[in-house]
Amino acid sequence: MKLDKNFFSENIKTLIYALIIAVIIRSLLVQPFYIPSSSMEPTLLVGDRLFVTKYSYGYSRHSFPFSPPLFKNRIFNKSPEKGDVIVFKTPADNRTDYIKRLVGLPGDTIQFIDGLLFINDLEVLKDLKSRKDEIFCGNNLIDVNTFKEKISDKEFITVYGKHYSFQNSEKFIVPEKHYFFLGDNRDCSKDSRFLSSVGYVHENNLVGKAQFIFFSSNSRKGSIFKFWKWPETIRFNRFFKIIN
């Protein structure tokens, strides 16, 4: 069979076009992310795959693969709201993706007193849902108290270790153009409370807003490639779940 002399060049062009379209979608519209840690449980479980909208807060160099220095600050900047679940680049290396819940805007004060969260000197109210839950912290199960918590107009579930390991703190005063983040698994999260590793997150480091889970699997139960174990490994009830 004789091949058209343009066969290979046309296929290469098609691949290049497809790559360009994929980069545009990933950079400007949506990007999939995988949850590798338990810091946001029970909102996000290890093995959740979710979509993050890149346009929600405008764009910075971190909106693009490998964070090229295309521009210095954000363009089309939109302010996030307290309670949003957000992917950001950690200030420590401007490379690693973290996902946490936004609790502090520029100028806010954040403080823990006897294990209770205060924002601008007002205690964040929460309703106790259970004292008998267990949740993962890494590979270990820990006993937790489960609450429904409300920040601004957003309600969501948080868990605290039985002994509230993060008891008291100084006041964190969020600088201009920075944000303060916490994990929903409050006693098992490296977040803005730890200034040397995460700390305050500059607005340019925001990547996008977490919107919904499109797939979820429990690797502790086995590999998704073992289809006969799908009833145990795949969390069908989390498919297309909106992230609150």
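This is a predicted model: local features need pLDDT of at least 70, side-chain atom pairs count only at pLDDT 80 or more; totals for chains, interfaces and linings use all residues.
Residues are numbered from 1 along each chain as its sequence is written, and side-chain values use heavy atoms, without hydrogens and water.

Next, the sheet. I traced 9 bridges between S8 and strand S9 (residues 140-151), an antiparallel pair. Strands are DSSP runs of E, at least two residues, numbered from the N terminus; pairing takes at least two DSSP bridges. The open sheet has 3 strands in the order S8-S9-S10, paired antiparallel. Its edges are S8 (126-137) and S10 (154-161), each pairing on one side only.

Then the pockets. I took a pocket as an open set of points on a 1 Å grid over the protein atoms alone, where a 1.4 Å probe fits, with protein on both sides within 12 Å along at least five of seven lines; lining residues have an atom within 4 Å of a point. Volume is the space filled by probe spheres set on the points, which are joined across faces, edges and corners.

The largest pocket has about 270 Å³. I counted 16 lining residues, with Pro 36, Ser 37, Asp 97, Tyr 98 and Ile 99 nearest its centre. S4 gives the largest share, 4 residues.

The second largest pocket has about 150 Å³. Its lining includes Arg 101, Glu 155 and Lys 241. Here S10 gives the largest share, 3 residues.
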